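The sequence and structure are shown first.

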Amino acid sequence: MRIRVLGTLHAETAGVSIAPSAAKPRQILALLALQSRHIVPVSDLMEEVWGAGPPRSAPTTLQTYILQLRRRLRAALGDPGPLPGTGTAPRDPYAPSDKDILATRHGGYQLEIADSDVDALEFAQLTHTGHAAYEAGDMAKSSRLLEAALALWRGPALADLPHGRHLSIEATRLEESRLGALERRIDADLHMGRHREVLGELCALRGRYPLYENLHALLMVAFHQDGRSSDALIAFRRLRGTLVEELGLEPSPRIDRLHQAILRGEDALDAWRGTGSGEAAGLAG
């Protein structure tokens, strides 16, 4: 089975789509996939679909949606082949059934598929190992793993689904994780001297995320590493102007320390990481 939620919902088994066309069953499938191998309580599923005040018919309707999903699973799984001498096609007793894959548990339902079968869970695993590689100082491995994780995205998470309370939380969490992975991958690339390779990407990201300070800081670092300190300072002034105008806030102290390091001609990447001389002096003070 393969379920993709990092973009529009796509679900298939053995090359056959199992994604329902109706919105509510699609919400249920997405929530079950994001919590794969964990029990999703009936109350959570009903709240996702109907909000805080579900109708009296909600439990029965939910069971109908689960049956519809199982029916689609059953049709996609098919039969392995005829039993000799019978001409019929009974299911292999060792093959999982639709009820094994979408299991009823006490108080809820559980989708029994591997993390690698759900793109969001595969993304989480790749980013975890990518961040660990960064912390261990292996920038090449970190960049490679995080790039593989980011390549799983095909658009905004759960893009074609209505979002109840639970999917809204999941979508926000996934987008934050995506930004964190993107920031860390660019950081790793800068450590390897790839400032020219990431400059165009960072300029585009500055327009897409005008209030996300860390990406602006990495753009300042890349400009400075490329010998374009004036552009780095312009990037700082642009960020400061946006923050003051939109939020009434000054840039964070960390951004300001990076700005000062660039003015002094110090290593911008060290200053951003907090290992430059200016940061050391600040800590000593």
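Reader: How many residues does the largest nonpolar core have?

Author: This is a predicted model, in which local features need pLDDT of at least 70 and side-chain atom pairs count only at pLDDT 80 or more, whereas totals for chains, interfaces and linings use all residues. Residues are numbered from 1 along each chain as its sequence is written, and side-chain values use heavy atoms, with hydrogens and water left out. A nonpolar core is a set of buried Ala, Val, Leu, Ile, Met, Phe, Trp, Tyr and Cys residues joined through side-chain atoms within 4.5 Å; buried means under 20% relative accessible area, exposed over 50%, and partly exposed in between (1.4 Å probe, protein chains only). I3, V5, I28, L158, I186, L202 and L258 have the most contacts inside the largest core, and its number of residues is 78.

Reader: Which residues are in contact with L258, leaving aside its neighbours within four places in sequence?

Author: Contact means heavy atoms within 4.5 Å. With neighbours within four places in sequence left aside, the partners of L258 are A217, M220, V221, A268, A271 and W272.

Reader: Are α7 and α9 roughly parallel or roughly antiparallel?

Author: Helices (H or I, at least four residues) and strands (E, at least two) are DSSP runs, numbered from the N terminus. Axes are lines fitted to C-alpha atoms, for helices over the stretch in contact, and angles run from 0 to 180 degrees between N-to-C directions; under 35 degrees counts as roughly parallel, over 145 as roughly antiparallel, 65 to 115 as roughly perpendicular and the rest as oblique. The axes of α7 (residues 165–191) and α9 (residues 213–225) come within 10 Å and cross at roughly 15°. The relation of α7 to α9 is therefore roughly parallel.

Reader: What is the handedness of the crossing of α7 and α9?

Author: A crossing is left-handed if the near helix is turned anticlockwise from the far one by less than a right angle, and right-handed if clockwise. By this criterion, the crossing of α7 and α9 is left-handed.

Reader: Which residues of α7 and α9 make the contact?

Author: By class, the contact has seven nonpolar, two polar and two charged residues. Ala, Val, Leu, Ile, Met, Phe, Trp, Tyr, Cys and Pro count as nonpolar, Asp, Glu, Lys and Arg as charged, and the others, Gly among them, as polar. From α7 come L179, E183, I186, D187 and L190, and from α9 come N214, L215, L218, V221, A222 and Q225.

Reader: What distance separates the C-alpha atoms of L190 and L218?

Author: L190 is found in helix α7 and is buried, with a relative accessible area of 2%. Not counting residues up to four places away in sequence, L190 touches H195, V198, L218, V221, A222, Q225 and L269. L190 and L218 are 28 residues apart along the chain, and their C-alpha atoms are separated by 8.3 Å.

Reader: At what angle do α5 and α6 pack?

Author: α5 passes α6 in a left-handed crossing. The two helices are roughly antiparallel to each other. The axes of α5 (residues 119–135) and α6 are 8 Å apart, and the packing angle is about 165°.

Reader: Is L158 buried or exposed?

Author: Most residues other than glycine have a negative phi. L158, although not a glycine, has a positive phi of about 55°, and its place is in the loop between α6 (139–150) and α7. With a relative accessible area of 1%, L158 is buried.
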